[in-house]
Amino acid sequence: MPTTLTINGEAKTIDLPDNVPLLWALRDGLGLTGTKFGCGVAACGACTVHIDGQAVRSCQIGLADVWGSVTTIEGLGSPDLPATIQQAWIDNQVAQCGYCQSGQIMQAADLLSVNLSPTDQDIDDAMQGNLCRCGTYPRIRAAIKDAAAKLKDA
Amino acid sequence: MASLGKIARRSFLIGSTAIVGGVAFGVYQVNKDAPNPLTPGEGEATLNPFIMINVDGITIITPRAEMGQGVHTTLAALVAEEMDLNWDDVRVMHGPPAQAYYNGALLGLALPFRHYADTNLKHGLRQSVGKVGKLLSLQVTGGSTSMKDAYERMRHAGASAREAMKLAAADQLSVAVADLRTENGMVIAPDGTELSYISLAQAAASVDAPNVDLRPKSEWKLLGTSLPRKDMVGKSTGTAEYAIDVVLPGMKFGTVRMNPKRAGMVSFDATAAEGMDGVEAIVDLGDGIGVIASNTWLAFQAAEAVDIVWQDASYPATSDALMAEIKASLSSEPNSTVRDDGDVTQAVDGTEITAEYDVPWLAHATMEPMNAVAWQDGDTMQIWSGNQGPILVRDKCAEAVGLTPENVTIHTNLMGGGFGRRGESDFSVHAARLATAMPGTPIKMTWSREEDMRHDFYRPAAAASFRGVVKDGKPLLLDGAIAAPSVTRQSSLRIAGSASPGPDRGHVEAAYDQPFAIPNYRISGHLTDIDVPIGFWRSVGSSFNGFFFDTFVDEMAHAAGADPLNFRADLAANEHPVSETVIRTVGEMSQWEKQSAANVGRGIGFSHTFGSAVAQVVEVVEEDGQIRLSKVWICCDVGTALDPAIVKAQMVSGAIYGMSAAMMGEVSFADGAVEQYNFPDYDALRMHSTPEFEVVVLENGPHLGGVGEPGTPPSMPALGNALFDLTGTRARSLPFIKTFDLLV
Ligand code: FES
Ligand code: FES
C-alpha cells in the first residue's frame, strides 16, 4: 500500500510497505540520498531529518508512524542557495569525508530553532548523538556558534 | 558533468589528443631529476592525463581517492598553481583505473631507511624506486603518500598545459611566446587581448608542450594557503555523491551475509526469507548468501532471516587464545632487527626497567558502511565504489565474475571515510557477484553496520616487551621486541598473491625509526602466524608501535628522574633538530613548565612517521571521580604545508581517531567471531568527549611529509602518559577504559 507524505513541502507517494523505515523510503524509494545510513540503531545520527521541525532518527520511524511533514537536508537549502546554517558549515570548512554532515546539520538546525545563544554545554547535549569518525567536532562547534550569531542578526 | 568513464577510457588509448568534446593534456616527463633505473615503456611518460577541458570548463583528474582528507583540493591546487587557473572555476574528478596514476611514493616507503634521516641521495632513491609502482599498477591511496607522489607530477601537468596554451595563443595571435603571460585561466597578450584556455584547448592539445621548470615556492599563489575545499558545498548540502547514493534506472537493493568466523558456509535454509514480500532473490554465493529486494532495509531483514550453518574459524577462537599466540611469538626468531645500534647484549651500568604492553584488534568503522553498485550488461559490467585502489578493484571484480578487466568499468565515488579499509576490494566484489544474479538490473549492495563491523580487515592486536637502562638522567640502552601478525604479508598475499620473506619494515615502523640518539638501541620484529583478516588501519604498524615505543620512552624518563618533554627533546637534539624543535614548540604552546592543578594530568607523546614529526601534549581533568579529556596541543613538521587548514584538520582528525581507539576501541573474539556489532559496542569520541585543540604547523623539514596518518600514533601514548601523570597508574594494556573511569 503506497504511503503519501509531505517531504520538503511537496506531497510524495512512496510505493513501499509501511513498516519500512523513513530513512530507506527516502533513500531507496524517492532517491533522496542526502540523508545517510550509518548504523540503523539510533546510535550515530547520520539519518537525522526533521518531522514538523523536530530532529528525529529516520532509521527508527516506520512509514506508517510518520506524524508530520518531513524536512531533509535537501529541503534545508541547495548548493546555489544554502541555508544560513549550511553556509556556516561551508565558511568554517567543517566537512572531511562529509558522510555524517547531513545529520549533524539537521541536528544543529533543530538546536538553533529553539536556542540562538547555545553554550558549549548546550551544544554538547544536543550533538552527542551524532557520531563523526573523521573528528570534525571542533569545527562543527564553531559553525554552530557562527550560524547562531548570523541568525540572531537576521 | 561529462562521464569520466567514457572520456578517460578513450583518452588513455590516444594520449593527449582531442577527445569527445574535451581535451586531455599529458605530462611530458614523469620525474625529471632522479635517474631512472628502469626503462619506462613505450609512450609511458606521455600517458598521464590530469587535465580535462571542454566547453563547460576545466576539470582536474585526481589520481588519489578523496576520503575526507582533502586530497582532491590539494591535488587540484598543484595543477592550478602552475596553470594559473582561477580557483573558483576548477572542478575535480577521481581518475579511473589506469597505469598513469601509479603511486610511486608508496613503494618508496618500503625501503629500510629511517625516514627522518633521508639524505637527498636516499630521497632520490626512494623516488626512483617508486617508479616500480608504475609497473605494479599501484594506483593506491595510502601510506600518507598522495602529496609526496603528486608534488612534482601534478605541477608538471599544470606547467606543461600552461605552456601549450601559450604556444597555441602565440600561433593564433602571431605574437612571440615570451611576450605572453597567463592569469585566471587565460593567455594575455601584450596588447591586452585575452584568450581563454577553453577557447584555446583544441589547438593546445595538438601542440608539443615543452617541459619547463616548476615555479619556486616563493611565487606560489594558491599552494601554501588554505583554500576553500572543492567538496565542501556538496558535503554541506547533501548533494555530494558517495557510492551508496548512486541512483540508476530500475535499480534493486541488496546485501550479503558472510561468515563472521571468516570461513566458508556449510549450508543454508532461506525459506523464511524467500517468503518475505518484496524479496526478489536469495543468492547462493557459496561462501555466504546475498539478497536482492525492493529496498535495503528489507534486504537486511531477509538476510537475517536466512538460517545458515557456518564453518569454524581457522584461527584460535577467542581473544585470549589469540593474544597468547601473539605473546608467545615474542620469543620466536625475529623477522627483523632493522635497528641495532651499539650492543644491547652488553652489560650497561645504570637503572634497568622493563615493561610489557599489549593492544587489541581494532575496526576501521568508517561512517559510510561498505557498499558498491554493480550493473551487468551482456559481457560488460560497471561498478561504482568508494575505493582506494581502482585497478585492483577492477581486476578482482573481473576475476570474480569471469569477465576480462577491459570489460569492467570502475567509477570511484567520494568516500565516507577510508582509514585504510577502502583499499580492500571485498565489498566491490560482493556487488559484482550479486549483479550477475540479475543481469541487466543495477544492484546497490550495502552492508549493514553489523556486517561491516564483523567483516573488517582489522588492525591486528599486538604485544611488546621492552627493556631499558638509564643513568644520570639519560637513556643508555633501549631494547624492544614487538609481536603481531604481519599486515604487510597478509595484504600482499591477498592483493598480489605473494609476500616477500624479508624484513617487514611496516611491522616495526614508529619504533625502529625514531630520531633518538640512544647508544644501544635495538628493535626486533616478530611475526605471529595467525590468519585473522587484518589490513591497513590509519598509520598501520605505527598505530601500535607509537604507543609501545613512546610510552616506554616516558617510563624511561621517569626512571631517569628527567622531565619527559626535555628527555625526548634532548634525545632528538643531535639526531634530528627538526624533531627537537617540534617537541620544544609543543612545550611552549602548552606551557609545559607550568605547574598544573592536582586534578589535572598532562602527558607528551611524540612520533616521527610517514615523513612528519608530530608531538602532542594531552591534558586530562578529573571531576567527580571521572576523567575527561580537556585539551590537546599539537605541533607537527610536515616540511611543506601545501594547505595549512587541511594539514591542521588532518592532525586533529588523526588524534581524535587515535584517542578514540586508545580510550575505548576494542574488537574481541568469541567462538571465532567478532563480538562487536554496531556503534553501541564500538564507539568513538563524540562532541561532548572531544577536547579542545590547538595546532601549530612547522615547515623546517627538507621534504614533504605525510599528514593523514602521522597525527594518530603519538596521540595514544600522550593520553596514557597524561593518565599516568594524573593518577600514578601506568596502563600498559589498551583500551584505557579497562583501567580508568573515563568520560566517553
Ligand atoms: S542510521 Fe539512524 S542513527 Fe545511525
Ligand atoms: S566528516 Fe567524516 S564522519 Fe564526519
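Predicted model: local features only at pLDDT ≥ 70, side-chain atom pairs only at ≥ 80, totals over all residues.
Figure 1. Glu10(A) forms a salt bridge with Lys12(A), and the closest N and O atoms of the pair are 3.6 Å apart. Lys12(A) also counts as partly exposed, since its relative accessibility is 29%. Side chains of opposite charge can pair when their charged atoms come close. Over all chains, the count of salt bridges comes to 46.

**Figure 2. The surroundings of Lys36(A).** Lys36(A) is placed in the loop between α1 (22-30) and β3 (48-51) of chain A. Its relative accessibility is 2%, and therefore Lys36(A) counts as buried. Within chain A, the side chain of Lys36(A) reaches the backbone oxygen of Thr33(A) at 2.8 Å. Towards chain B, a polar contact of 2.5 Å joins the side chains of Lys36(A) and Asp245(B). When residues up to four places away in sequence are not counted, the residues that Lys36(A) touches include Leu23(A), Arg27(A), Ala46(A), Cys47(A) and Tyr99(A) of chain A. From chain B, Lys36(A) touches Ala240(B), Tyr242(B) and Asp245(B).

**Figure 3. A salt bridge between Arg27(A) and Asp245(B).** The side chains of Arg27(A) and Asp245(B) meet in a salt bridge, with an N to O distance of 3.1 Å. Asp245(B) is also joined to Lys36(A) by a polar contact between side chains, and Arg27(A) is among the residues that Lys36(A) touches. Across the interface of chain B and chain A, two salt bridges are found.

**Figure 4. The interface between chain B and chain A.** The contact takes 59 residues from chain B and 52 residues from chain A. About 4400 Å² of area is buried between the two chains, and carbon and sulfur atoms give 63% of this area. In chain B, Trp297(B), Met367(B) and Met687(B) lose the most area to chain A, together 20% of what that side buries. Between the chains, 23 residue pairs are in polar contact. On the side of chain B that touches chain A, at least two residues each come from α8 (232-236), α10 (296-305), β19 (443-446), α14 (449-454) and α20 (644-664). Of the elements of chain B, α20(B) gives the most to this side, with seven residues. The residues of this side divide into 30 nonpolar, 19 polar and ten charged.

**Figure 5. Glu163(B) and Lys166(B) in helix α6 of chain B.** Helix α6 covers residues 146-173 of chain B, and Glu163(B) and Lys166(B) are separated by about one helical turn because they are three residues apart in this helix. An α-helix has 3.6 residues a turn, so residues three or four places apart point the same way. Glu163(B) forms a salt bridge with Lys166(B), the closest N and O atoms being 3.3 Å apart. Are these two residues buried or exposed? Both Glu163(B) and Lys166(B) are buried.

**Figure 6. Helix α19 of chain B and its packing.** Helix α19 has 13 residues, 577-589, and at 1.5 Å a residue it should span 18 Å; its end C-alpha atoms are 18 Å apart, which agrees. The buried residues of this helix are Val578(B), Ser579(B), Glu580(B), Val582(B), Ile583(B), Thr585(B), Val586(B), Gly587(B) and Met589(B). Which elements do the buried residues of α19(B) pack against? They pack against α18 (564-575), β23 (600-609), β24 (612-623), β25 (626-637) and β28 (692-698) of chain B. Just after α19(B), Gln591(B) takes a positive phi of about 50°.

Figure 7. The side chains of Arg584(B) and Glu580(B) meet in a salt bridge, with an N to O distance of 3.0 Å. These two residues are separated by about one helical turn, because they are four residues apart in helix α19. Glu580(B) is buried, whereas Arg584(B) is partly exposed because its relative accessible area is 28%.

How values were computed: Residues numbered from 1 in each chain as written. Chains lettered and ligands numbered in written order. Heavy atoms only, no water. Expected span 1.5 Å × (residues − 1). Buried < 20%, exposed > 50% of the residue type's maximum accessible area, 1.4 Å probe, protein only. Contact = heavy atoms within 4.5 Å. Buried area = accessible area lost by both parts, 1.4 Å probe. Salt bridge = Lys/Arg side-chain N within 4 Å of Asp/Glu carboxyl O. Polar contact = N/O pair within 3.5 Å; in protein donor to acceptor, adjacent residues only side chain to side chain. Nonpolar A, V, L, I, M, F, W, Y, C, P; charged D, E, K, R; others polar.
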